[in-house]
Amino acid sequence: MTVSQEKNPHQPSTTITTPQRYNGPAKDGDWTNYRDTITSLYLDQNKSLKEVMRIMREEYYFFATEKMYKIRFNKWGLHKKLRAHQVAELLVQRGRRAAVGKTSVSFVHGRKIDSDRLNTYLRRVSPARRKELMAILSGKVELGSAQKRSIEEIICRTPSPEPEEEVPRRLEAPDSLRLPEECMQIVQSYVGGAFEGSLWQTTSDRELVFPRRPKNWLDPVSSARQLFVNGFTDKGFRMIKVTFDDYREVMVRQDPSLLVETCLALGALLQCGPGLAESMINYSYGLSRIVFGPRHPFHLLFTRLKLANPSDIARFTGLIMQFFLQTIQTNSRLKPTYLATVYRAMLNSDFIGPQTAQKYMQNLLASLETASPPPTASSSPTPGSSPASTSTSTSSSSSSSDDALQKDIEMLRHHLSWLVNLHNKPTEAKVAAQTLAETRGGKDPRLARFSCYNMLRTLPTSFQVGEEEAISLLYQSLDICETEFGRHDNATVTLLATLQNYLRRVGSLDEAARVRAEFETRWNEVMDGMNKSGT
């Protein structure tokens with residue numbers, strides 16, 4: 001080499017950026033040898049692809065085009081942003097470990113992924129990516145070979161103990177704080193996926209559609225609660241068993257009321273006795289895995305509830321219901337009277353307190369009253385006058401809509417007045433029986449049934465209702481229920497069980513025996529009907 005060709009280390013660098021040793025484009029063996037170096041530069045040091053290419057070219061004489069890097073990155077699964085299939089695998093592995101009480105630290109291709117980053121992904125993911133994630137979790141999408149290779153390098157393990165001389169790591173949040181947060185994230189994923197996948201439908205004005213069902217499967221659960229209260233323990237368990245058997249059909253339908261009704265069933269079982277709510281959680285956990293698969297949000301939700309202490313189940317379930325209803329209403333509109341009934345049921349299950357229920361009701365009522373148009377002369381014709389010949393179908397439709405709105409307002413006022421003046425008061429059962437009587441004739445079947453069960457639930461605590469008066473109320477309510485619901489309805493038969501109990505307490509043993517015999521006859525027919533047709 002001549003003097004003129006030697007490089008003076010003190011001279012400034014020239015504009016030539018290509019190293020003097022050019023060995024041709026990188027081959028497979030080169031990629032394998034430098035994989036760790038490239039990964040470290042791109043991920044650990046957060047270099048851009050352009051910077052990685054320059055460093056590899058200038059310091060390692062490694063030559064490859066941008067396209068070659070991208071092809072290799074895809075093959076390695078090397079991405080700075082998490083992919084949907086990676087997040088799905090992380091959720092599954094972390095959920096599986098959480099179900100057995102293990103904490104987890106996660107790694108994707110050797111790079112640590114903390115909970116904050118995973119939560120940020122779930123919070124910011126686009127609708128399209130969320131739909132892809134839901135499809136992967138539900139098992140509806142078959143992963144490609146590259147994706148399968150990628151998730152093979154995802155590891156979730158127990159965190160290593162920190163050296164004593166280092167700064168103590170951040171404390172793990174207790175289950176009482178961590179589980180509700182995780183449940184809310186799962187609920188958000190569940191609702192988002194249901195809307196994006198067109199599983200749930202809305203009307204033209206965004207009201208969520210609840211498919212009609214011949215019966216509400218919650219009625220037998222409410223009946224079972226009353227059977228336990230009145231000492232019919234074996235019959236209570238039998239009714240719960242039939243309800244559990246029919247729950248599979250309810251779950252398969254997966255209509256918007258599934259989660260609300262499941263939570264309300266938990267609330268009723270929590271009041272039946274120890275261990276029953278936990279049994280339903282375990283049953284829902286196993287059944288949802290069979291029906292939906294291990295990655296479905298509904299199953300993941302019960303994976304978390306299995307970890308809750310029995311004393312926390314009511315609080316967690318109440319939080320889940322409240323967040324579910326809030327999330328639903330960011331995507332659609334729920335009928336106010338439906339919400340009012342749910343809030344009353346949540347209050348009865350001790351999921352929310354009276355003040356919270358009142359606040360929800362007041363907000364609903366204020367919203368309806370704001371939307372209600374003021375009465376006008378044109379909309380209120382003089383009694384006895386004939387409709388104007390210029391009336392149109394549009395005005396008729398508007399009038400019908402206004403009437404429905406006023407009816408909803410009156411119903412909300414009824415619920416709010418009840419919360420303020422009657423809830424947990426000594427005469428609540430008596431007024432519930434009066435409401436049941438006022439709804440006879442099919443005026444409001446939902447309120448009638450609700451009033452019947454509410455009367456049964458509050459009789460023991462309505463201290464100003466004596467036993468003789470309670471028997472009178474039960475006979476009146478029995479007559480109404482036989483007419484409105486039928487002689488072999490759950491509510492009707494449950495009334496008989498409660499009535500015979502009160503008759504025994506006042507010493508009317510012969511009458512109690514007659515009612516008991518009638519109860520036994522109808523009970524067998526009720527169970528035969530439930531076994532044949534389901535809920």
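**Close-up 1. Helices H10 and H11 cross in a left-handed way.** In this predicted model, H10 covers residues 233–253 and H11 covers residues 258–270. Their axes come within 12 Å and cross at roughly 165°. Angles over 145 degrees count as roughly antiparallel, so H10 is roughly antiparallel to H11. On the H10 side, look for Ile240, Phe244, Tyr247, Val250 and Met251. On the H11 side, the contact is made by Leu258, Glu261, Thr262 and Leu269. Sorted by class, the residues of this contact are seven nonpolar, one polar and one charged.

**Close-up 2. Glutamine 254 sits in the loop between H10 and H11.** Its phi angle is near 50°, a positive value in a residue other than glycine. Is glutamine 254 buried or exposed? With a relative accessible area of 11%, glutamine 254 is buried, because buried means under 20%.

**Close-up 3. Tyrosine 61 is another residue with positive phi, found in the loop between helix H2 (49–60) and helix H3 (66–76).** Tyrosine 61 is not a glycine, yet its phi is about 50°. The relative accessible area of tyrosine 61 is 30%, so this residue is partly exposed.

**Close-up 4. Helix H9 packs with helix H21.** Here H9 spans residues 218–229 and H21 spans residues 490–505. What is the angle between H9 and H21 as they pack? The angle is about 5°, and the axes are 10 Å apart. Angles under 35 degrees count as roughly parallel, so H9 is roughly parallel to H21. H9 brings Asp219, Pro220, Ser223, Gln226 and Leu227 to the contact. From H21 come Asn490, Ala491, Thr494, Ala497 and Thr498. By class, the contact of H9 with H21 holds four nonpolar residues, five polar ones and one charged one.

**Close-up 5. Helix H9 also packs with helix H19.** The axes of H9 and H19 lie 10 Å apart, at an angle of about 20°. H9 and H19 are therefore roughly parallel to each other, and their crossing is left-handed. To find the meeting place, pick out Asp219, Ser222, Ser223, Arg225 and Gln226 in H9. In H19, the residues they meet are Arg449, Tyr453, Leu456 and Arg457. This contact of H9 with H19 has two nonpolar, three polar and four charged residues.

**Close-up 6. Leucine 447 lies in helix H19 (residues 445–458).** Its relative accessibility is 10%, so leucine 447 counts as buried. Which residues does leucine 447 touch, not counting residues up to four places away in sequence? They are Met411, His414, His415, Thr435 and Thr439. Leucine 436 is eleven residues from leucine 447 along the chain, and the C-alpha atoms of the two are separated by 7.6 Å.

**Close-up 7. Isoleucine 320 belongs to helix H14 (residues 313–331).** At 3% relative accessibility, isoleucine 320 counts as buried. Leaving aside neighbours within four places in sequence, isoleucine 320 is in contact with Cys183, Val187, Leu259, Cys263, Leu301 and Leu305. How many residues in sequence lie between the positions of isoleucine 320 and cysteine 263, and how far apart are they in space? They are 57 residues apart in sequence and 8.4 Å apart in space, going from C-alpha to C-alpha.

**Close-up 8. Side chains alternate along strand S3 (residues 154–157).** Ile154 and Cys156 point to one face of S3 and are buried. S3 pairs with strand S1 (residues 105–108) in the antiparallel sense, over four bridges. Which residue in S3 is the bridge partner of valine 105? That partner is arginine 157.

Close-up 9. The chain has 535 residues, and 47% of them count as buried. Consider the contacts in the chain between residues at least 6 apart in sequence: 74% of these join residues at least 24 apart.

Methods. Residues numbered from 1 in each chain as written. Predicted model: local features only at pLDDT ≥ 70, side-chain atom pairs only at ≥ 80, totals over all residues. Heavy atoms only, no water. Buried < 20%, exposed > 50% of the residue type's maximum accessible area, 1.4 Å probe, protein only. Helix = DSSP H or I, 4+ residues; strand = E, 2+ residues; numbered from the N terminus. Pairing = 2+ DSSP bridges. Axes fitted to C-alpha atoms, helices over the stretch in contact; angles between N-to-C directions. Parallel < 35°, antiparallel > 145°, perpendicular 65-115°, else oblique. Left-handed = near helix turned anticlockwise from the far one by under 90°. Contact = heavy atoms within 4.5 Å. Nonpolar A, V, L, I, M, F, W, Y, C, P; charged D, E, K, R; others polar.
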